[in-house]
Amino acid sequence: MRTRVIVPTVAAAFALAASATLFSQAAPAQGARGGGARGGAPAQPAASAPAPAKDLTGVWMMRNPPGKNGPWTNFTYTDPMKNPPSMTDWGLAQFKLAKDSNGGNYTLDETNDPVLTKCYPPGVPRVYFHPYPFEVIQTPKQTLLVYEYDHWMRRVHTDGRALPTDPDPLWMGTSVGRWVDDHNFQVETVGFNEKTWLDRLGHAHSDQLKVTENFRRIDSNHLELDIKMEDPKALAKPWVTTFYYENRPQWELGEISCSGDYLDWTQVEKGGRDYKR
Amino acid sequence: MARNLILMLGLIAVFALGARPALAHHGGAAFDQTKMQTLSGTVTQLDFVNPHVVVWFDVQNPDGTTTKWSGWLTAPNKLQRAGWTKHTLNPGDHVTISGNQQKNGSPVLQIRTVAGPDGKNLPTFEQ
């Protein structure tokens, strides 16, 4: 039985403190090295500048939507705890088997999260639920989505090809994309294996999953990402979740590699020191 | 009165900090999220590693013994973007660290705030 603790008495203080400390747009630190800011003066583009046409290039970090503050819960603006997907019997049975760590329910000793226990790739859309930036690189026939977590890259074909009808199963699927208009880029992805979770809470998907991402460039500094998941085996109806991002032109993606350090972290959690020796 | 004020400020801090993605990779189920500990000690090592930066520090107990504590921060990439390097804390530095202790009683903290040798809190997240 998963329990959720609500402490309404401190909600006001929480919201106030959260808005003051978590989401302020303070200037980034100076002089950080790889994985950090590229030295020099902060270079935030003006928030009011109009969005360039058919251009998503840059480094994007999840943040609240423009003009709104509030806590992220499990790192999407559409909280999967409050707005869970409508699951099929199969999907619900799989979800009940999940023992998540990121929701705060299980320790590293107890969790069966495939990312934390096996270093499996996060899959899609889970890769967005990890609070790390991603970078968009556009070329004439491909758009590359590069994620700091866990150093994954997705190749989105933009040469007009159709989605494969019988794709091989992959961790991150096979993707095609197209510009719907000057500011909306739509990516469709199929061909997943069943080894990943949809999110960090353990919602399941099958190999019938189809993910449709719509990247909307709100203005030069902001991006909205709506993700629709369709999976007749796991989801009773499509599930849509929304993320918001801000441009971080002064950032470079850093290095992350799931490795023994990750898998040994359960020892560190218990006070051990063997993770790097 | 003053004690209540301190308690209230503590609660605000706990819940405000609880809202942030404290541990970007791992959850906090192993740590007692209802209690904050504040410790002062001397840094013995800073491990600037994935998935979490770890501060090792010695704390003198009232009976004269020393306990070797460790504390987790977020990922090194995030701390770098907040201005940290592997030299931000060095052996011998005096630190004051607040956080949530391991539920099993081990001297391990999920760090919420860390004040460096100058007494000022260091950033624990990127903006």
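**Entry 1: the neighbours of A:Ile256**

I started with what A:Ile256 touches: leaving aside residues up to four places away in sequence, its contacts are A:Glu148, A:Tyr149, A:Asp150, A:His151, B:Asn50 and B:Asn77. By contact I mean that two C-beta atoms, placed from the backbone, lie within 7 Å. This is a predicted model, in which local features need pLDDT of at least 70, side-chain atom pairs count only at pLDDT 80 or more, and totals for chains, interfaces and linings use all residues. For finding your way around, residues are numbered from 1 along each chain as its sequence is written, while chains are lettered from A and ligands numbered from 1 in the order in which they are written.

Where does A:Ile256 sit in chain A? I found A:Ile256 in the loop between β9 (239-247) and α5 (260-263). Helices here are DSSP runs of H or I with at least four residues, strands are runs of E with at least two, and both are numbered from the N terminus.

Is A:Ile256 buried or exposed? A:Ile256 counts as buried because 23 other C-beta atoms lie within 10 Å. The scale I used calls a residue buried at 20 or more other C-beta atoms within 10 Å of its own, exposed at 12 or fewer, and partly exposed in between, with C-beta atoms placed from the backbone.

I also checked A:Trp152: A:Ile256 is 104 residues from A:Trp152 in sequence, yet their C-alpha atoms are 9.4 Å apart in space.

A:His151 is not a glycine, but its phi is positive, at about 65°. With 15 other C-beta atoms within 10 Å, A:His151 comes out as partly exposed.

I noted a positive phi at A:Cys119 too, about 60°, and A:Cys119 is not a glycine either. A:Cys119 belongs to the loop between α3 and α4 of chain A. It is partly exposed, since 14 C-beta neighbours fall inside 10 Å.

A:Pro125 is in the loop between α3 (114-118) and α4 (126-129).

Chain A has six helices and nine strands. I call two strands paired if DSSP finds at least two bridges between them, and angles are taken between axes fitted to C-alpha atoms (for helices over the stretch in contact), running from 0 to 180 degrees between N-to-C directions.

I then went through some pairs:

- β4 (residues 152-157) and β5 (residues 174-179) of chain A run parallel over two bridges, with A:His157 opposite A:Val176.
- β7 (residues 210-219) and β8 (residues 222-230) of chain A run antiparallel over nine bridges. A:Thr212 stands opposite A:Lys228, and two residues separate the strands in this hairpin.
- β8(A) and β9(A) are antiparallel, with eight bridges; A:Glu224 has A:Tyr244 in β9(A) as its bridge partner.

For chain A overall, I noted that buried residues make up 40% of the 277 residues. Of its contacts with a separation of 6 or more, 59% join residues 24 or more positions apart.

**Entry 2: the barrel of chain B**

Chain B has a closed barrel of five strands, in the order β1-β2-β3-β5-β4, and the pairing is mixed. On average its neighbouring strands are turned by 55° against each other, direction ignored. Seven antiparallel bridges link β2 (residues 54-60) and β3 (residues 66-72) of chain B, and B:Val55 faces B:Gly71 there.

**Entry 3: confidence**

How confident is the predictor in chain B? The mean pLDDT (the predictor's confidence in each residue, from 0 to 100) is 84, and 80% of the residues of chain B reach 70 or more. I flagged residues 1-22 of chain B, where pLDDT is below 50; this stretch has 28 contacts in the model beyond near neighbours in sequence. For the complex, the predictor gives an ipTM of 0.76 and a pTM of 0.80.
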